[in-house]
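Have a look at the fold before reading on.

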Amino acid sequence: PPHGNPQVTVGRSSSGRFPPPGAGRGRLVSMTTRTETIPLVDDTELAVTVGEPEAAVRGGIVVLHSSRGVTERTESIVEGLAGEGWLAVAPHLFHRDGAPMYSALI
């Protein structure tokens, strides 16, 4: 890898499901998660779920959600990556559709 940065490969297990957060080789660290909004040039705002380790950051990963939008599973992936030392962000890509968060759909 260039500049000695580790590469991460994320894939599905043979069962078709992602492994649970923290199941990777990384050690678990203290972390925080939050949702922030970023103002855009068209006067709308983009919500972004952020998972940030409290220790040194190994690198950054953008987590893209499924067609259902940001769900509990998306947030769980962000939390799991942050728990392994990665700064993880999941942009809420359907923000212009007025799509509610998953909790309003359940």
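Which residue in strand 4 is the bridge partner of valine 62? That partner is valine 89. Before going further, a word on the ground rules: this is a predicted model, where local features need pLDDT of at least 70 and side-chain atom pairs count only at pLDDT 80 or more, while totals for chains, interfaces and linings use all residues. Residues are numbered from 1 along each chain as its sequence is written, and side-chain values use heavy atoms, with hydrogens and water left out.

**The sheet**

Strands here are DSSP E runs of at least two residues, and helices are H or I runs of at least four, both numbered from the N terminus. Four strands make up an open sheet in the order 1-2-4-3, and the pairing is mixed. Strand 1 and strand 3 (60–62) sit at the edges with a single partner strand each, so one side of each has no neighbour in the sheet. From one strand to the next, the twist averages 20 degrees. Strand 3 runs parallel to its partner, strand 4 (residues 87–91), over three bridges; for two strands to count as paired, DSSP has to find at least two bridges between them.

Helix 1 (residues 72–83) lies across strands 1, 2, 3 and 4, at about 35 degrees to strand 2. Such angles run from 0 to 180 degrees between N-to-C directions, using axes fitted to C-alpha atoms, for helices over the stretch in contact.

**The charged cluster**

Now for the side chains. A salt bridge puts a side-chain nitrogen of Lys or Arg within 4 Å of a carboxyl oxygen of Asp or Glu, and by that rule the count is two:

| Salt bridge | N to O distance |
|---|---|
| Arginine 34 – glutamate 36 | 2.5 Å |
| Arginine 34 – glutamate 52 | 3.1 Å |

Together, Arg34, Glu36 and Glu52 form a salt-bridge network.

Buried or exposed? Arginine 34 is partly exposed at 33% relative accessible area, as is glutamate 36 at 32% and glutamate 52 at 30%. (Buried means under 20%, exposed over 50%, and partly exposed in between, with a 1.4 Å probe and protein chains only.)

**Around glutamate 52**

Glutamate 52 belongs to strand 2 (residues 45–53). Setting aside neighbours within four places in sequence, glutamate 52 has contacts (heavy atoms within 4.5 Å) with Met31, Thr32, Arg34, Ala82 and Leu87. Threonine 32 is 20 residues away along the chain, yet its C-alpha atom is 5.4 Å from that of glutamate 52.
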